[in-house]
Amino acid sequence: LNLIDLFPHRYHFFAPNGLIDRDVVFDLTSQNENFYFSLFYYITGPTGVDLIFAGAAIAILGLLFGVCMRICSIGCFLWYLSYTNYAFLAMHSWDDLLRIYSFILMISPLGGGIDQKWLPRIIPFVSYPKLVPRYGLVLLQVELFLMYWQTVWLKVPDESWRNGEILAYFFMSMYSRIPDFNFANHLLLSNILAYGTLFIELAVPLLLVSRKYRKWAFVLGFGLHI
């Protein structure tokens, strides 16, 4: 879905004649003490951009359907690393999370997918275990904990979150799907939604740990983000 969202704007963000100057980005990142890598630094032009997007789509679909999962997981990580280290103007917080999750998948036991059925017939010495260690799943859970609880940690000191007015401001802003100044008259609703958001973000990671209450975590989480 994220790839589909970026696709119509690929030339604007990633082609040399787009909004972002490749040489400026490359110079800035090369001067930084941190290491930055992006395929878009080295593969340029509309054709190159299309090839990278096509490769990313193949890697994502392969991982989704369980085909050559290790190779596809590496491809996914390179994709997220490449576009987040190039198109800074297009980035949102979920892009960083996708990059982290793709890294965890790349180093995690993936078990057997469709490969398990047909690859051993071609290469006899290839085999997959039916059961794999679950530390990859644990790392994903830890990242989920950190993501939600860090969000709460950053929101609580903010005065607009503490007095509950933040959602009224949000619903009047350009980011609202239905901007309306009448929300300024509904501060009680804003308070309920603001504190409800903080409560859900605290509760979801804890509820996900328990099999008994996991379904409520899905309901609250989907409700929050929708």
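This is a predicted model: local features need pLDDT of at least 70, side-chain atom pairs count only at pLDDT 80 or more; totals for chains, interfaces and linings use all residues.
Reader: OK, what about Asp-50, which residue does its side chain meet?

Author: The side chain of Asp-50 meets that of Arg-10 in a salt bridge, with 2.8 Å from N to O. Because Asp-50 sits in helix 4 (residues 45-65) while Arg-10 sits in helix 2 (residues 10-14), the pair ties together parts that are 40 residues apart in sequence.

Reader: Is Arg-10 buried or exposed? And where does Asp-50 stand on that scale?

Author: Arg-10 is buried, its relative accessible area being 13%, which falls under the 20% limit for that class. Asp-50, by contrast, is partly exposed, with a relative accessible area of 30%.

Reader: Then Asp-96: which residue is its salt-bridge partner?

Author: Asp-96 forms a salt bridge with Arg-99, and the closest N and O atoms of that pair are 3.0 Å apart. Both residues lie in helix 6 (residues 93-107), where they are 3 residues apart, or about one turn of the helix.

Reader: What is the relative accessibility of Asp-96, and what is the relative accessible area of Arg-99?

Author: Asp-96 has a relative accessibility of 36% and counts as partly exposed, and Arg-99, with a relative accessible area of 22%, is also partly exposed.

Reader: Switching to the surface now. Which residues form the nonpolar patch?

Author: The nonpolar patch on the surface is formed by Phe-103, Ile-107, Tyr-135 and Leu-139, which together have about 350 Å² of accessible area. The elements that give two or more residues to this patch are helix 6 and helix 8.

Reader: Where is Phe-103 placed, and is it buried or partly exposed?

Author: Phe-103 is in helix 6 and is partly exposed, with a relative accessible area of 37%.

Reader: Zooming out, how many helices and strands does the protein chain have?

Author: The protein chain has 12 helices and 0 strands, and its C-alpha trace spans about 65 × 50 × 35 Å along the principal axes. Of its 226 residues, 32% count as buried.

Reader: For contacts between residues at least 6 apart in sequence, what share joins residues at least 24 apart?

Author: Among those contacts in the protein chain, 61% join residues that are at least 24 apart.

Reader: One more local thing, what is phi of Cys-68?

Author: Phi of Cys-68 is near 45°, which is a positive value in a residue other than glycine. Cys-68 is placed in the loop between helix 4 and helix 5, and with a relative accessible area of 30% it is partly exposed.

Reader: Where does Val-67 lie?

Author: Val-67 lies in the loop between helix 4 and helix 5 (69-84), and Val-67 is partly exposed at a relative accessible area of 28%. The C-alpha atoms of Val-67 and Glu-143 are separated by 25 Å, the two residues being 76 residues apart along the chain.

Reader: Last one: where is Ile-226 found, and is it buried or exposed?

Author: Ile-226 is found in the segment after helix 12 (214-225), and Ile-226 is exposed, with a relative accessible area of 83%. Its C-alpha atom and that of Asp-180, a residue 46 residues apart from Ile-226 along the chain, are separated by 18 Å.

Note on methods. Residues are numbered from 1 along each chain as its sequence is written. Side-chain values use heavy atoms; hydrogens and water are left out. A salt bridge is a side-chain nitrogen of Lys or Arg within 4 Å of a carboxyl oxygen of Asp or Glu. Helices (H or I, at least four residues) and strands (E, at least two) are DSSP runs, numbered from the N terminus. Buried means under 20% relative accessible area, exposed over 50%, partly exposed in between (1.4 Å probe, protein chains only). Patches are made of residues with over 30% relative accessible area and no salt bridge: like charges are joined within 9 Å, nonpolar side chains (Val, Leu, Ile, Met, Phe, Trp, Tyr) within 5 Å. Accessible areas come from the Shrake-Rupley method with a 1.4 Å probe; for residues, only the protein chains shown count as cover. Contact means heavy atoms within 4.5 Å.
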